[in-house]
Amino acid sequence: MVLFRFARETSLPAAEAWRRLTTWERHGDAVPLTRVTVRTPPPTRVGTVFVARSALGPVGFDDPMEVVGWHPPEAASPGRCRLEKRGSFVTGWAEFEVRPSSVGTSTVLWQEELTVRLLPRLFDRVLAFAARRMFGRVVDRLTATAPPGT
């Protein structure tokens, strides 16, 4: 089991950063070889279930997740979302917070506890490094502002 955290500053207002981070299908666009499917009808709320399917050809695994905490940002208050990973291969939880700033930008705080079944503890540091890097890249891509004119 590994626990990791990171923070990212974004030029987006908190509501837009939140919207992008909680459009679950877009997470698959930022994670190689992964597709995300939402299994419950919109809108997202506590009880929403989605599955990240990571595969290379016929070899892969499902990472089902359920939203267990859902508090969108309001005015100057931060938003917080908590996910429970319910898979047989990957378990744990992820939680992110989107904090608005006084100048119309926001900060994303991400923390996650991750267990990969059958992976020896010897690899915990490597797993934490890789996961922090991968999820940091996901947040960066999802909150990137489009260049003018696109």
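Where does Ala-75 have its place? In this predicted model, Ala-75 is placed in the loop between E4 and E5, and this residue has a positive phi of about 50 degrees although it is not a glycine. At 82% relative accessibility, Ala-75 counts as exposed, where exposed stands for over 50% relative accessible area, buried for under 20%, and partly exposed for values in between (1.4 Å probe, protein chains only). Helices (H or I, at least four residues) and strands (E, at least two) are DSSP runs, numbered from the N terminus.

Residues are numbered from 1 along each chain as its sequence is written, and side-chain values use heavy atoms, with hydrogens and water left out. Since the model is a predicted one, local features need pLDDT of at least 70 and side-chain atom pairs count only at pLDDT 80 or more, while totals for chains, interfaces and linings use all residues. The pLDDT, which is the predictor's confidence in each residue on a scale from 0 to 100, averages 94 over the protein, and 97% of the residues score at least 70. Confidence is lowest in helix H2 (residues 27-30), with a mean of 92, and highest in strand E5 (residues 79-86), at 98.

The sheet comprises 7 strands in the order E1-E7-E6-E5-E4-E3-E2, and it is open, with antiparallel pairing; two strands are taken to pair if DSSP finds at least two bridges between them. E1 and strand E2 (34-38) are the edge strands, each pairing on one side only, and neighbouring strands of this sheet are turned by 20 degrees against each other on average, direction ignored. Angles of this kind run from 0 to 180 degrees between N-to-C directions, the axes being lines fitted to C-alpha atoms, for helices over the stretch in contact.

Along the sheet, E2 and strand E3 (residues 49-56) pair in the antiparallel sense over 5 bridges, with Arg-35 standing opposite Arg-53 in E3. E3 and E4 run antiparallel and are joined by 8 bridges, and the bridge partner of Ala-55 is Gly-60 in E4. The hairpin of E3 and E4 has 2 residues between the strands, and in this hairpin Gly-57 takes a positive phi near 65 degrees. Strand E4 (residues 59-71) is in turn joined to E5 by 6 bridges, again with the strands antiparallel, and Glu-66 stands opposite Glu-84 in E5. Helix H1 (residues 14-21) packs on the sheet and touches E1, E4, E5, strand E6 (90-100) and strand E7 (106-116), its direction making about 160 degrees with that of E6; contact here means heavy atoms within 4.5 Å. H3 lies across E1 and E7 and runs at about 25 degrees to E1.

A cis peptide bond, with omega about 0 degrees, joins Pro-42 and Pro-43, and Pro-43 lies in the loop between E2 and E3. Leu-33, in the loop between H2 and E2, has a positive phi of about 60 degrees although it is not a glycine, and at 55% relative accessibility this leucine counts as exposed.

Side chains of opposite charge can pair when their charged atoms come close. The structure holds 13 salt bridges, each being a side-chain nitrogen of Lys or Arg within 4 Å of a carboxyl oxygen of Asp or Glu. One of them is formed by Arg-8 with Asp-140, whose closest N and O atoms are 2.8 Å apart; this pair links distant parts of the chain, 132 residues apart, with Arg-8 in strand E1 (residues 2-10) and Asp-140 in helix H3 (residues 124-143). Arg-8 is partly exposed at 24% relative accessible area, and Asp-140 is partly exposed at 36%. Arg-53 and Asp-62 also meet in a salt bridge (3.3 Å, N to O), Arg-53 being partly exposed at 28% and Asp-62 partly exposed at 34%. Glu-84 and Arg-82 form a salt bridge as well (3.4 Å, N to O), and a network of salt bridges links Arg-80, Arg-82, Glu-84, Glu-95, Glu-97 and Arg-99.

Thr-10 is in strand E1 and is buried, with a relative accessible area of 8%. A polar atom of the Thr-10 side chain lies 3.2 Å from the backbone nitrogen of Leu-12. Not counting residues up to four places away in sequence, Thr-10 touches Ala-17, Thr-105, Ser-106 and Thr-143.

Notes
Polar contact = N/O pair within 3.5 Å; in protein donor to acceptor, adjacent residues only side chain to side chain.
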